[in-house]
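Try each task before reading its solution.

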Amino acid sequence: MSLYKELENHVHEQLSRRNFLSKTSLGLGAAAMSSLLGADQSLANKAGQAVPEGASLPLGHPHFTPKAKRVIYLFQSGAPSQLELFDYKPKLEAMWGEDLPESVRKGQRLTGMTAGQSSFPLAASRYKFNRYGEHDMMISELMPYTSGIVNDVTFIRSMYTEAINHDPAVTFFQTGSQQGGRPSWGSWISYGLGSDNKNMPSFVVLLSKGRAGDQPLYAKLWSNGFLPSVHQGVVFRSGPDPVFYLNNPEGIDRGSRRRMLNTLAKLQQRQFEKILDPEINYRMSQYEMAYRMQTAVPETMDISKEPEYIFDLYGEESRKPGTFAANCLLARKLIEKDVKFVQLYHQGWDQHGNLPNDIKTMAKSVDQASAALITDLKQRGLLDETLVIWGGEFGRGAYSQGKLTRDNYGRDHHPRSFTIWMAGAGVKKGFVYGETDEFGYNVVKDPVHVHDFQATVMHLLGVDHEQLIFKHQGRRYRLTDVHGKVVKPLLV
């Protein structure tokens, strides 16, 4: 008990009168809610209610009836080329090797990798496109499995963003800001809607194993930012220890851990009573969640009991823990456990050179499993309440970066137009929204900004993106900042 006594004695100094007066209201409110609601119960929210700084519990309920109960976001980090996959442009073949007309470029910003080129030769895709589905949608031969699910998919071919380089662009998609420090999308959802399973986190991140790519991924992409720490994304890894420090250390059994948590809770409560910092309670709730996850997580991460037809559906790679295919299968298992936001990151799409060969490899690594996830959810009756998103941070330009040959070329970053797709709860099926010019360079119909896309997904979850706010350092923040509108033509 000497260790516990030492912890008990390690408390903060007495509050000054000024600190006490500034924090008492918040602290008493947090204590009252904890008492009334318990550790895992959510607080009902009224639409339009501003969120007080440091509110201690999730708001709990949507602003209106949601179409989607959960989200699986298949993020393709590095920016897949829409011109090789989903946005067919025969004009590029007709003008192969000719310079991109200035009337098309219009002096738009380029990256430092191509701004110094003396010419911008147009490069057509080496791969053929064919018509699929009830609405004759043009899909590349690189995506044969995706072409088989187009009747369930909405393609947005008119996405655009402001960021021209990877890190700010990925950060913009995931947090609504190009600068780090803001809460991630999944954290906002966790904060606004709470959790439906007290034994699992509401926001889980899966990273494809062994795919470092040219562009690193940082924890800021699934950070809670200034939201309470209980809403940060939890990274699940492949292998026997899927969550770091979740298992008991050697010599500690489950009973010992329970007694330790009980004693720690008493000490934390004494500390809270002295300094009135809600983060103390958040930290304790994370310890309790970890205790419950010791049983729930291994069961969820175990795919050994999946039938053979499921492995056949997702492909042979799904048998290998940590692959994109295995993570797609795990995403389905996680949403079956009522995890609200599952984020997959798959790297390797940054093809400035050798694009024809590299994109073929990348497409093969995701095509079957992405389509299988839609099929699997559909046959289980889960697609009608799950939203699946597929896409990267920006697109690729119509001209070749570096030397252009018939067999080889590269494409630079292109924020002005790109394609993503969605399927599932609340979105139209077999639908194409938006249009780019004949070069695939500019959006000419129905543009969709990143904030518009974020607002639309929040709407599908029953959240008014203008009302889910958090006051931090005197300012009210939200995922969409001061922008964004719901793209209603996408919705059923």
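First, some ground rules. The model is predicted, so local features need pLDDT of at least 70 and side-chain atom pairs count only at pLDDT 80 or more, while totals for chains, interfaces and linings use all residues. Residues are numbered from 1 along each chain as its sequence is written, and side-chain values use heavy atoms, with hydrogens and water left out.

**Exercise 1. Find where Lys106 sits, then decide whether Lys106 is buried or exposed.**

Step 1: Look in the loop between α5 (102-105) and β2 (129-132); Lys106 lies there. Helices (H or I, at least four residues) and strands (E, at least two) are DSSP runs, numbered from the N terminus.

Step 2: Check the cut-offs: buried means under 20% relative accessible area, exposed over 50%, and partly exposed in between (1.4 Å probe, protein chains only). Lys106 has 60% relative accessibility, so it counts as exposed.

Step 3: Now the backbone. Most residues other than glycine have a negative phi. Lys106 isn't a glycine, yet its phi is positive, about 60 degrees. Asp446 is another non-glycine with a positive phi, about 55 degrees, and you'll find it in the loop between β14 (443-445) and β15 (448-449).

**Exercise 2. Work out which strands pair with β1 (residues 70-77), and how many bridges join them.**

Step 1: Count the bridges. β1 runs parallel to β8 (residues 386-391), with 6 bridges, and parallel to β7, with 7 bridges.

Step 2: Pick out some contacts. Val71 stands opposite Leu387 in β8, and Gln76 has His346 in β7 as its bridge partner.

Step 3: Look at the two faces. In a regular strand the side chains alternate between the two faces of the sheet. Here Arg70, Ile72, Leu74 and Gln76 point one way from β1, Val71, Tyr73, Phe75 and Ser77 point the other way, and all are buried.

**Exercise 3. Follow the sheet on to β5 (residues 203-207) and name its bridge partners.**

Step 1: Go to β7 (residues 341-347), which pairs with β5 in the parallel sense over 5 bridges. Val204 has Val342 as its partner there.

Step 2: Then try β6 (residues 234-236), which is parallel to β5 and joined to it by 3 bridges.

Step 3: Check the cover: 4 of the 5 residues of β5 are buried.

Notes: Two strands pair if DSSP finds at least two bridges between them.
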